[in-house]
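The report below describes one predicted protein model, beginning with a pocket and moving on to other features.

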Amino acid sequence: MKMKNLFAVKYFLIAMLAVSIFSCDSDDPEPVNEEELITTLKVTFTGTGNTTGVVEAIFQDLDGEGGDDPVITNPTLMANGTYNVTVQFLNETENPAEDITEEVEEEDEEHQVFFVTAGGAELTYAYNDEDGDGNPVGLTGTATTGAAGSGTLQVLLIHEPNKGGSGVSDGDPTNAGGETDISVTFDLTIQ
């Protein structure tokens, strides 16, 4: 009798193992692709022509929301100047820092960077890069400043924007939709 019970237990365990191995099918949920952590945003303005110098606007929040205040370096740009612009997104909780910009480049059809000014700061941004569909991305561009003044410069990275929305390809996020991966507002001085 004991031998019969051992065989029954053995077959039961084999059956359970087979069920667990073969129970995986295409109806199982896909793993969630969590958003990357962006702790740092760097916008580099490199003067061209008669505009000289390199200026960085930097936002760094290494402990995330709710902890210490972020460290912000606000930009001061020359009036009536032209700058080549590059944008970089980092996760500096990793060692070495993870360059999220690479993911944005790889998934360029799903991302767009926006530059929105307010107040007395005159700055226009022209996109120099585009995705595979010919729509703007915004990791590189040209900024042109107007007369001296001060205001704010908001830099946004939007995931899955409606790039065909009214004004979106011109840099207006109003009709972009999607999800904001990061939004930073700098104090902008033009002198």
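The largest pocket is lined by 13 residues, and those lying nearest its centre are Leu37, Ile38, Glu65, Asp181 and Ile182. A pocket here is, on a 1 Å grid over the protein atoms alone, an open set of points where a 1.4 Å probe fits, with protein on both sides within 12 Å along at least five of seven lines, and lining residues have an atom within 4 Å of a point. Its properties are collected in the table.

| Property of the largest pocket | Value |
|---|---|
| Volume | about 280 Å³ |
| Nonpolar lining residues | five |
| Polar lining residues | four |
| Charged lining residues | four |

Strand S11 gives the most to this lining, with five residues.

The model is predicted, with local features requiring pLDDT of at least 70 and side-chain atom pairs counting only at pLDDT 80 or more, whereas totals for chains, interfaces and linings use all residues. Residues are numbered from 1 along each chain as its sequence is written, and side-chain values use heavy atoms, with hydrogens and water left out.

The protein chain comprises two helices and eleven strands, taken as DSSP runs (helices H or I of at least four residues, strands E of at least two), and their order along the sequence is α-β-β-β-β-β-β-α-β-β-β-β-β. Of its 191 residues, 35% are buried, a term that stands for under 20% relative accessible area with a 1.4 Å probe.

Leaving aside neighbours within four places in sequence, Phe89 is in contact (heavy atoms within 4.5 Å) with residues including Ile38, Leu41, Ile100, Val104, Leu157 and Ile182.

One salt bridge is counted, the rule being a side-chain nitrogen of Lys or Arg within 4 Å of a carboxyl oxygen of Asp or Glu. Lys163 forms a salt bridge with Asp131, with 3.0 Å between the closest N and O atoms. This pair links distant parts of the chain, 32 residues apart, with Lys163 in the loop between S10 and S11 and Asp131 in the loop between S8 and strand S9 (140-145). Both Lys163 and Asp131 are buried.

Terms used: Buried < 20%, exposed > 50% of the residue type's maximum accessible area, 1.4 Å probe, protein only. Points joined across faces, edges and corners; volume = space filled by probe spheres on them. Nonpolar A, V, L, I, M, F, W, Y, C, P; charged D, E, K, R; others polar.
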